[in-house]
Amino acid sequence: METDSLLAGCSGDYGCSSGSEQADGPGGPWGGRAGGAGSRRMSYSVAGESCSVERDTDNDLYIQQAVVFIEDAIQYRSINHRVDASSLRLYRCYYSRICQWALGLTIAVVLLLAFVERPSSLSLSSDPRQRSPAWEPPCGFTESMEMLCLIIFTLDLSVKSYLIGWEEFRKSKWLMGYTVVLTFSTIDWMLSVSMECDEKLRVRRLLRPFFLLQNSSLMKKTLKCIKRTLPEIASVILLLALHLCLFTMIGMLLFAKTEDPKQNGEWELHFRNLTNSFTSLLVLLTTANNPDVMIPAYSLNRAYSIFFVTFSVIGTYCLMNLLTAIIYNQFRGYLLMSVQTSILRRRLGIRATFQVLSCLGDRQAARERVRVGAVLEVMSRVHMKSYYRAAITKEVQQYGQAGCMDREQFSKIFDQLDKDRIKEHPPLPQYNSPVLQRLQDVFSHYYLTILGNAVALANVVCICTVLVLNSEKSTTERDNYLMEIINLCFILYYLFEMCVKIFALGCRGYLSYRNNVFDGFLTILLLALQVAIFVTFSLSSSDWDPSSPSVLSLWEMIRLVNMLIVFRFLRIIPDIKLMALVASTLLDLLKNLRAFAGILVVVYYVYAVVGIWLFEGAIKPPPEMSVLSNGSMENITSNFSMECGTYEQLGYWPNNFDDFAASIMLLYDVMVVNNWQAFMEAYSRYTTEWAKVYFVCWWLTSSVMWVNLFVALILENFIYRWDRSHSCSVTDVERIRYETSVQLMFREKIQEPTEEELLCQLHQHPHLHLHW
């Protein structure tokens, strides 16, 4: 084997360099590092660049340490953990896919308990007028699941604390907070059980999102970036508040109550008092009540529109957009700092790997080196993606003749981790026959794809035409037979197109294109539905009766076919460059914005729990409305009058805080800001004016903060991809596939850490104990 020859090529011809180091083996700092079994002591000299190993050590330990350090570098993890053999095995087990999936599942379970706990969300409708009693779990059901989750979290905390050591544990605010949250949750759980699940307030529900936050390093960094961005955001929000207060006072003076009742419409509806005035203009800032808020005054005198237009232009179009610009600029800078920290961790892990591997053996060398065979052995044990392993191994094998690698060469081979993955499509199959070769050229040509898109467009146009013609017809009046024949003709062409592409590209080549996989799957599904329709309605009856007994009627099956055909029309996206760029940006957002999604889940969770505490059951429909089954306004008795535009008149009853799922939906409706004032006004009317504080805080958190952060990341991602693919043609974009990460987006702006910085970080390692 090639690896064996490489191992024999440099047996012990390497050394260490630069400074002095002492590191722990299996004895470690807790098992007697001086003279214990497996301990090591290395002396470094900057001038002489030499290394001497005073005791013979287990080489497998160094390999294990190198493997773990490389895995830390790949995942951007800190290397400040124990490095003895048993701890390394525990460390790799903890970060294995199974353990991390189990921990993630535990976090999901403890968060999803809110949907089952009282008040339960397990009902078909959230409308209090027609909601059936929800299933309430018996006492101890959710509590036992929650205690199991808390035990797993306690085990997780114990393992983390042991692996990093007590000194690092005391420095970690997140782990200290983890301990406090677990302790408080356990105490609250015990109180809940002792009260036989009859407590009104479960404070631990408010703490559950912490388990999600502390388990994601990227989420922690994102949260830190948001925290650092808050001062800049606060300055603009303060300016917005000043703008609101100024126009509120002007509005109260402008629309003061007069002796003429006909001119008091604006005062009565929107400027009756300070709270009403401020709220009306705050809602106008989001344009949710425009132009309703100005209609009473505008109907009297068109000059009053100057007040409202000036307020909107300054507040909505200037200050709010300025806030978006500041969030984009500031957060982008702090995100770059976070990415810089991640790159430092990666370079430090690689540097620590080299330092460990350079001390294998017992010979002195003129300068620090590592064996190629040792590097190959490490790469064979590292858990990483196969294409990265293949690229790094290929780079390592280039040094097989020399047998050893110096520090710069070793660092360079791991530059592959910072590169995009480029997936080339398999080569075309080779045919000997000239006729087959000619057919292959024809069927692999780009014009076949254009023809397929034209046929798909024609199919969609036919469906649209038939839908327009049949829009007013009943099911029995529709010509389903004609529609079925048209669809069958198009589906046969789709099948022909799929077969000739497989012939031209080969099976592997066909499947290497994502649009072909999408196309082929829908074609096979459409063909299966056509066969099912033929068997069900052609063989069983002679007249294709739409009302013939079956699981699905003919019209329903044709509707399903038409929906799949319309969905299949999305195949045109990869063939239009700008559209493909937008679609790929959206796909990248799904992968790279998980941290933002996680923080949004946390915010939603906290506000939903607080909303249930404050407003559960606050809004109850009148008794005469509870008997309605269809919500028809004609059946409402005259005892209950509803003002136009209110919560009751708009029929927003399903949007409430009576259970967790309904709370999430209501918070989403407020985040979208359309008619959010109806919810704020209703809950302030049914409870207290202070309810407005809750809704305004949620609007600031969700619509102002998070949505602007989301816009900032979309801009950054799109600009990056636009600059990158601006010179590429459609075929070039289709030929290769890129996987973009947040780190790659800022790669050109990242400063590489210096050797002095890396050595300083290694010297501060709590368990390697380097001495210079």
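Colleague: How does the lining of the second largest cavity divide by class?
Modeller: By class, it has 4 nonpolar, 1 polar and 4 charged residues. Keep in mind that this is a predicted model.

Colleague: Which residues line that cavity?
Modeller: They are E117, R118, P137, P138, C139, T142, E143, C197 and R202.

Colleague: And how much space lies in the second largest cavity?
Modeller: About 50 Å³. The count of cavities of 30 Å³ or more comes to 6.

Colleague: Which residues are linked with E117 in a network of salt bridges?
Modeller: E143, E146, D188, R202, R204, R205 and R208 are linked with E117 in that network.

Colleague: Is D156 buried or exposed?
Modeller: D156 is buried, because its relative accessibility is 4% and the cut-off for buried is under 20%. K160 is buried too, with a relative accessible area of 14%.

Colleague: What about E168 and K171?
Modeller: They form a salt bridge, with the closest N and O atoms 3.7 Å apart. They sit 3 residues apart in helix 5, so about one helical turn separates them. E168 is buried at 17%, whereas K171 is exposed at 62%.

Colleague: New topic. Which residues form a nonpolar patch on the surface?
Modeller: L122, W135, F141 and M145 do, with about 370 Å² of accessible area together.

Colleague: Where is W135?
Modeller: W135 is in the loop between helix 4 (97-116) and helix 5 (141-171). W135 counts as partly exposed because its relative accessibility is 43%.

Colleague: Now the second largest pocket. How many residues line it?
Modeller: The lining has 32 residues. L269, H270, E643, Q677 and E681 lie nearest the pocket's centre. The space in this pocket is about 920 Å³.

Colleague: Which helix gives the largest share of that lining?
Modeller: Helix 25, with 6 residues. Helices supplying at least two residues each include helix 10 (265-270) and helix 11 (274-285).

Colleague: And how do the pocket's lining residues divide?
Modeller: They divide into 12 nonpolar, 13 polar and 7 charged.

Conventions
Residues are numbered from 1 along each chain as its sequence is written. This is a predicted model: local features need pLDDT of at least 70, side-chain atom pairs count only at pLDDT 80 or more; totals for chains, interfaces and linings use all residues. Side-chain values use heavy atoms; hydrogens and water are left out. Patches are made of residues with over 30% relative accessible area and no salt bridge: like charges are joined within 9 Å, nonpolar side chains (Val, Leu, Ile, Met, Phe, Trp, Tyr) within 5 Å. Accessible areas come from the Shrake-Rupley method with a 1.4 Å probe; for residues, only the protein chains shown count as cover. A salt bridge is a side-chain nitrogen of Lys or Arg within 4 Å of a carboxyl oxygen of Asp or Glu. Helices (H or I, at least four residues) and strands (E, at least two) are DSSP runs, numbered from the N terminus. Buried means under 20% relative accessible area, exposed over 50%, partly exposed in between (1.4 Å probe, protein chains only). On a 1 Å grid over the protein atoms alone, a cavity is a set of points where a 1.4 Å probe fits but cannot get out, and a pocket is an open set with protein on both sides within 12 Å along at least five of seven lines; lining residues have an atom within 4 Å of a point. Grid points are joined across faces, edges and corners, and a volume is the space filled by probe spheres set on the points. Ala, Val, Leu, Ile, Met, Phe, Trp, Tyr, Cys and Pro count as nonpolar, Asp, Glu, Lys and Arg as charged, and the others, Gly among them, as polar.
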